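Thanks for coming. I will talk about the packing in one model, so please look at the sequence and structure first.

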Amino acid sequence: MVNPPYDAIVVGARCAGSPTAMLLARKGWRVLTIDRATFPSDTLSTHVVHPRGAAALARWGLLDRLKATGCPPIDTYAFDFGPFTISGTPGTPEAPVSYCPRRTVLDKLLVDAAAEAGAQIREGFTVDEVLTEDGRVVGIKGHAKGGERIAERARTMFTAGVVTEARTALAGEISSTAVHALGLRDVAELPQDAALEAVIIRTRRYAAYQRKWMRRIPGLVSVNGDRPTGEVADDIVQVASTRERLPAPRAG
Ligand SMILES: Cc1cc2nc3c(=O)[nH]c(=O)nc-3n(C[C@H](O)[C@H](O)[C@H](O)COP(=O)(O)OP(=O)(O)OC[C@H]3O[C@@H](n4cnc5c(N)ncnc54)[C@H](O)[C@@H]3O)c2cc1C
């Protein structure tokens, strides 16, 4: 996927990525921020935003939001090494205190601030490679959650001769709706890589559309299928045996 409409693509939307995206967007840049995580999201870390970090949050107009989450200020540190303890006040007059928010709180706040500044946020999306032209990075290639399975199936379809099938179908009598909905022209006419990409995008959109309208059907039981087959099968058995509705996954 190449994204010419963006001035910058920031990969990683936590404490480095989101403020970068926010600051660029505030300058009027068109920014895409990508993270394979979906927020709020935890990560391996202790949580101290040291005084200079807190001062940066204040400069960006975000410290009051952090305080509003109930996170108290800290002015004294004590590092206890067992035989001895080092303690002191690391703040300065300009940046007197630190805060210790959970990453679920801090990172979400930063992601939201980037979005408010106008950065487009794409969560649940993994960047697989950067695309270069003449030694310059011009975009990224990646996949959304669950996209691997679609890509794998699409590849199998190509190996099994879907291009010939699409060309045969196009040569016969087929409605324009079917041609469009099935993406037959993409499959028959585009180079294979581009055709594969088009099929993946089309399938993902179609699945999202189906999820949306199917969830309106009263009594319909939905099971999140974007998981290992065994887990999905367990859920189906559970639904069948209890006849209870499981919590529906969010359409995406
Ligand atoms: C145990 C531990 C304790 C720490 N304690 C502190 C502390 O108390 N105070 C402090 O200031 N620092 C602490 N640090 C350091 C701090 O956690 C890191 O410096 C900080 O998280 C780095 O932020 P980041 O946004 O650069 O990266 P990260 O927080 O690592 O975020 C990177 C993001 O990029 C995403 N990403 C990566 N690759 C891709 C890809 N290909 N496609 C899509 N998304 C991708 C990931 O999903 C992730 O969300 C600690 C670190 C550890 C490990």
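Start at A25. Beyond its neighbours within four places in sequence, A25 is in contact with V31, A114, A117, G118 and A119, contact being C-beta atoms, placed from the backbone, within 7 Å. This is a predicted model, in which local features need pLDDT of at least 70 and side-chain atom pairs count only at pLDDT 80 or more, while totals for chains, interfaces and linings use all residues. Residues are numbered from 1 along each chain as its sequence is written.

A25 belongs to the largest nonpolar core, which has 26 residues; A21, M22, A25, V31, A114 and A119 touch the most other members. A nonpolar core here is a set of buried Ala, Val, Leu, Ile, Met, Phe, Trp, Tyr and Cys residues joined through C-beta atoms within 7 Å, and buried is 20 or more other C-beta atoms within 10 Å of the residue's own. At least two residues each come from β1 (8-11), α1 (17-26), β2 (31-35), α2 (51-59) and α4 (103-116), where helices (H or I, at least four residues) and strands (E, at least two) are DSSP runs numbered from the N terminus. The most come from α4, with six. Apart from this core lies another, of six residues, including A154 and V199.

Now the helix pair. How do α5 and α9 cross? Their axes, lines fitted to C-alpha atoms over the stretch in contact, with angles from 0 to 180 degrees between N-to-C directions, come within 9 Å and cross at roughly 130 degrees. Residues making the contact include A154 and F158 of α5, and V199 and R204 of α9.

Technical notes: A residue is buried if 20 or more other C-beta atoms lie within 10 Å of its own, exposed if 12 or fewer, and partly exposed in between; C-beta atoms are placed from the backbone. Two residues are in contact if their C-beta atoms, placed from the backbone, lie within 7 Å.
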